[in-house]
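Let's take a walk through a protein model together.

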Amino acid sequence: MDERWECGRVSGAAAVVDACVAVSDIGRIDMSQTRELLDTFAVSFRSQVSSERLAAVIDAMAACEEAVTACAAAMVAEDDVQVLQDAIIRDLNCADVVTSARRVVSRGGDATLLGLLLEACVMACEHSAELCAKHAHHHDHCRLCSEATLRCAEACREVLHGLHS
């Protein structure tokens, strides 16, 4: 696997940090591994939703969990934390809902329950994205969070469409 490093300056109210991160095709590899794992056991709604689509939503949910948790933590450290309180709560709620939905998708089972959890996941992601988008122009973590939550909501909608087809 080719790996390259990207470096940059990340700034927040608490500090300015120079950071480097490894950039690779990790998302594609993770989805491939997730799909491979899903293919090793019977998922009750597999006839309605492909393992590729299930893997994509699981990976989008994992990325969303990470983004909303990191964003909430970053907002707590901001000078304007009072203004960000509602966004912090929405991010934390989103993390909890997405985590529960991801776990049910990962193990399979009741398609009706899955549908309800995915609908809740879409709502939680949209609520988080709504407030984070309002702060995205001056908080990069809010921009990244908003993007991740919207990707997760879209992946959930795709699985919902498959369940209702």
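How far is the sulfur of cysteine 145 from the closest cysteine sulfur, and in which residue is that sulfur? The closest one sits in cysteine 132, 3.8 Å away, which is too far for a bond. The bond in question is the disulfide, a covalent link between the sulfur atoms of two cysteines. To count as one here, a pair of cysteine sulfur atoms must lie within 2.5 Å.

Before going on, a word on the ground rules: this is a predicted model, so local features need pLDDT of at least 70, side-chain atom pairs count only at pLDDT 80 or more, and totals for chains, interfaces and linings use all residues. Residues are numbered from 1 along each chain as its sequence is written, and side-chain values use heavy atoms, with hydrogens and water left out.

Now look at cysteine 71. Search the whole structure and you find 0 disulfides. Cysteine 71 is buried, with a relative accessible area of 1%, and cysteine 145 is buried too, at 1% relative accessibility. (Buried means under 20% relative accessible area, exposed over 50%, and partly exposed in between, using a 1.4 Å probe and protein chains only.)

Next, find helix 3, residues 85-107. Helices here are DSSP runs of H or I with at least four residues, while strands are runs of E with at least two, numbered from the N terminus. Helix 3 has 23 residues and spans 34 Å from its first C-alpha to its last, close to the expected 33 Å; that expected span is 1.5 Å times one less than the number of residues. Among its buried residues are Ala87, Asp91, Cys94 and Val98. In general, an α-helix has 3.6 residues a turn, so residues three or four places apart point the same way. The buried residues of helix 3 pack against helix 2, helix 4 and helix 5. Just after helix 3, glycine 108 takes a positive phi of about 75 degrees.

What about the inside? The largest nonpolar core has 38 residues, and Met61 and Leu118 have the most contacts inside it. Such a core is a set of buried Ala, Val, Leu, Ile, Met, Phe, Trp, Tyr and Cys residues joined through side-chain atoms within 4.5 Å. Helix 2, helix 3, helix 4 and helix 5 each give two or more residues to this core, and helix 2 gives the most, with 10.

Technical notes
Contact means heavy atoms within 4.5 Å.
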